[in-house]
Amino acid sequence: MSKNKEWLETAGTNTKLCHTGYDPNEYHGFVNPPVVHASTVLFPNARAMETRTQRYTYGTHGTPTTDALCAAIDELEGSAGTVLVPSGLAAISVPFLTFLSAGDHALIVDSVYSPCRHFCDTMLTRLGVEIEYYDPEIGADIARLMRPNTRLVHTEAPGSNTFEMQDIRAIADVVHRFDCVVTMDNTWATPLYFKPLDFGVDVSIHAATKYPSGHSDILMGTVSANAKCWPKLHEAHSTMGICGAPDDSYQILRGLRTMNLRLDHHFRSALKVAEWLEGRPGVSRVLHPALPSFPGHEMWKRDFKGASGVFSFVLSADTPEKIKPKAHAFLDALQLFGLGWSWGGYESLAVFVNLSDRKIRKGPQDGAVIRLQIGLEDVEDIFVDLERGFAAAASL
Ligand SMILES: *Cc1c(COP(=O)(O)O)cnc(C)c1O
């Protein structure tokens, strides 16, 4: 970052988001960075070409557009370096391939984002990495699972779909007594509500597809590392040639400018909906870390600055046979909510969650787990729509 940006270091979150990553003085004063489409970068002479002594050398190694986004993410994460990848899933697979080799053992939280489990159980297993899943609430007890060849411990808090909290600092403290890297998928909280590296995590993973994008139209992932892990991550990233596209990088940086405002709205609306659902007939539980009734609530309050717009509730069913029909009736009656994967966009979404791949932390048995992403619509309209779902489910 160029001149006179010291004031930014002590600025508030919105101020930071408005001014981070790119200095308009670097490109003729235009407020936003140029979108640079590039493979080839020209050198002034053979000597410069031989020694690669210029800032940009080839499209896969970064452009002013990708640099602006990486600088903004580094600022938010407090990281030594960030790489961009084409999806949130690649933001998991790239660091795993960076830090794991044949013969290694990796510990993966059982409430992990499902496609991460698939990657571990198929490709990593085929490459000779031994995968073991652990209870999200294990805390410092992770010590008893550590082996001499454990090289990576993957965390995600709150967990996908069921929102179990993890004591990240306790886990990182134990794991760092071994020669082992701690990764965290921080997609739910974003670095605005939780900063993994401040809690001892080495590598912070983010599906920028979600809140940074904010409009359900971009796929991108970011991986940010501390000084210890950055050289290896950087090297592996350029070895694999998995880079972020210029237009997508531009859009993600643009999304970051308003992310705190959007998140604040998601946070407040989702909490209102969660409170409204709690104790409502037809709901047996609400899984939202910001609710005092939620088992991980105290940990969330201690470590997180906010909650995003995604949580689940259990739609009660008196018999197991009724779980699926009630879930389908509920979803089919919704008109405002879309039925679709992913989240982080401006629109509300609902999903009937499948937890059949869990090994240790099984899903609730007392009904259907319905995950909601509460969008930026007016919350009164969201209530009306959810009433349609409950009426349909109750009629069965
Ligand atoms: C969506 C998601 C991802 C993957 O992001 P994509 O860009 O859809 O591949 C990774 N982790 C978590 C927790 C997610 O919710």
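Biologist: Which domains does the domain assignment give for the protein chain?

Modeller: The model is a predicted one. Its chain is divided by the domain assignment into two stretches, namely domain 1 (6-257) and domain 2 (260-394).

Biologist: How many residues of domain 2 are in contact with domain 1?

Modeller: Taken over C-alpha atoms, the centres of the domains are separated by 28 Å. Domain 1 contributes 33 residues to the contact, and the number from domain 2 is 34.

Biologist: How do the residues on the side of domain 1 that touches domain 2 divide into nonpolar, polar and charged?

Modeller: Among the elements giving two or more residues to that side are helix H2 (13-19) and helix H6 (114-126). The division of the residues on this side of domain 1 is 15 nonpolar, 12 polar and 6 charged.

Biologist: Is H5 roughly parallel or roughly perpendicular to H9?

Modeller: Helix H5 (residues 90-99) packs with helix H9 (residues 230-240) at an angle of about 110 degrees, the axes being 9 Å apart. Angles of 65 to 115 degrees count as roughly perpendicular. The orientation of H5 to H9 is therefore roughly perpendicular.

Biologist: Which residues of H14 make the contact with H11?

Modeller: The axes of helix H11 (residues 259-277) and helix H14 (residues 379-394) come within 10 Å and cross at roughly 35 degrees. The crossing of H11 past H14 is right-handed. On the H11 side the contact involves Ser269, Lys272, Val273 and Trp276, and on the H14 side Val379, Ile382 and Phe383.

Key. Residues are numbered from 1 along each chain as its sequence is written. This is a predicted model: local features need pLDDT of at least 70, side-chain atom pairs count only at pLDDT 80 or more; totals for chains, interfaces and linings use all residues. Axes are lines fitted to C-alpha atoms, for helices over the stretch in contact, and angles run from 0 to 180 degrees between N-to-C directions. Helices (H or I, at least four residues) and strands (E, at least two) are DSSP runs, numbered from the N terminus. A crossing is left-handed if the near helix is turned anticlockwise from the far one by less than a right angle, and right-handed if clockwise. Two residues are in contact if their C-beta atoms, placed from the backbone, lie within 7 Å. Angles under 35 degrees count as roughly parallel, over 145 as roughly antiparallel, 65 to 115 as roughly perpendicular and the rest as oblique. Domain bounds come from an automatic or database domain assignment. Ala, Val, Leu, Ile, Met, Phe, Trp, Tyr, Cys and Pro count as nonpolar, Asp, Glu, Lys and Arg as charged, and the others, Gly among them, as polar.
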